[in-house]
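Dear colleague,

I am handing over the structure below, together with some notes on what was found in it. Please keep in mind while reading that this is a predicted model.

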Amino acid sequence: MGRVVGGLACALVSASVAHAGGPTRKVTIETEPEGATVYLNDKENGPKCEKTPCTIDLPAGEAAVVIIELENYAEEFEQVDVPAKRDSKPLKVHYELKAAIGTLVVNGAPGATVEVDGKDKGKTPARIEMPEGAYRVVVKQGTKTLYDEYVQVDSGNEATVTPRSGGSGPVAIKDTPEPTDPGEPTAITKPATPGKPRGNYFLGSGAFDVGFRKFSYDGNQTKMTLRDESEVGQVLAGPVLEVWPTEIAGLDLLHGLSILARFEFGLNSQTVSGNGLGGTTTTFWQSYEFSLRNRWVLANTGTIEVGVGYVRDTYRFNGAPSDVMLVPDADYQSIRLGVRGSLLLDPVEPYIVLENRIVLDGGSIAKRFALGADANGLHGGLGLAAHFGHLNARFEAAITDYSWTFKPDAGATFIASGGSDRIEEISLSVGYSY
């Protein structure tokens, strides 16, 4: 309404001073802050001054309307009465400009990080005053993106963002104040429809592991043909890709559902010697995983994740067949049933992981025992995940323990009641999420 009244006043005054060649007086225009543009009566006539403070000519003995404009400040319409009588006293007017400020309100998801145009603005709930304009607002809880949208903040108004708990998609509501003029229509802005996925689409990482293996037999009666084995400093590396299919599809369900694929290959074969080995025997390690996982956020302070998948851990040897028969040549193909819990301490996330490995096939080591061999595995780990914008990192220390039960035939070449295959690993991965 202020601009409407100012515009009407501008038109009336323009009509009253529309004559040319009348007397004028110099008037100095000052503003706080400085640097404003000054127009006389009508902006269509162009600026009289492009940067305050400045001195302009105004018609003497008449009223004139000056229009003052400065980015991120409310536009001012002010009437200036210029005396017709000349005197030595300089004419000067000063205006305090009011900032064109709106408020961004972020509710819900207590403790989540708020970023505005890539800058950290603190934790939710938050009230942030900012100049009028459109801003990209991102709300994150740990590694999960709860909200990522552009929000319009208008001067004198509030724009409210309310992410749904656990990243199930946000609702953005722009509050519009009641009009001061009863005849002026009320503007209505509907809540945004969560048609676009709000969480991660994918996470691509490079993984680097260092492993230590110790295999020992129980009840070993043929130590010349069944030898214990230990390996130190085996290095694995490879890509890890995780995708969130429901987020990509924009579905409003199971936002924590992901598919993970991991491929790691051995980088440093080690030579095994002694204890009956005649030729050169080297180690060969690999590890693959395909898993389906779902993660839930609990009260915005922690998470729980369950998963099922296929894991193949290869701890094999290359060499002469007669030598390979003497070492624990294992190739574990397992069904993975896992659970993972974490605390959301943005930007870090400490976690613990536990898995049961249902071994489907243990490799050639099982074929040495005529009456059969069974294996099962357990996996546990402690780790720390961290995220810095789109960059993600993870450090983990883990132990995988495969237990064997052997059923040898009396008088056979290989006789043992069982075995333990313990693999300790330190892992580091760095990746990019989108």
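In the largest nonpolar core, which has 20 residues, the members that touch the most others are Tyr217, Tyr332, Trp404 and Phe406. Two or more residues come to this core from each of β16 (202-218), β22 (330-343), β24 (373-388) and β25 (391-406), and β25, with three residues, gives the most. Tyrosine 217 touches, when residues up to four places away in sequence are not counted, a set that includes Leu226, Pro328, Ile365 and Phe406, as well as Arg227, Asp228 and Arg368. Apart from this core lies another, of 18 residues, among them Val38, Cys54, Val80 and Leu97.

As for the sheets, one of them is open and consists of three strands in the order β4-β1-β7, with mixed pairing. At its edges stand β4 (54-59) and β7 (91-96), each of which has a single partner strand, so that one side of each is left without a neighbour in the sheet. Neighbouring strands here are turned against each other by 35 degrees on average, direction ignored. Strand β1 (residues 24-32) runs parallel to β7 and is joined to it by six bridges, and isoleucine 29 stands opposite valine 93 in β7.

Beyond its neighbours within four places in sequence, glutamate 355 is in contact with Arg336, Leu337, Gly338, Gly377, Leu378 and His379.

With best wishes

Definitions and conventions
Residues are numbered from 1 along each chain as its sequence is written. This is a predicted model: local features need pLDDT of at least 70, side-chain atom pairs count only at pLDDT 80 or more; totals for chains, interfaces and linings use all residues. Side-chain values use heavy atoms; hydrogens and water are left out. Contact means heavy atoms within 4.5 Å. Two strands pair if DSSP finds at least two bridges between them. Helices (H or I, at least four residues) and strands (E, at least two) are DSSP runs, numbered from the N terminus. Axes are lines fitted to C-alpha atoms, for helices over the stretch in contact, and angles run from 0 to 180 degrees between N-to-C directions. A nonpolar core is a set of buried Ala, Val, Leu, Ile, Met, Phe, Trp, Tyr and Cys residues joined through side-chain atoms within 4.5 Å. Buried means under 20% relative accessible area, exposed over 50%, partly exposed in between (1.4 Å probe, protein chains only).
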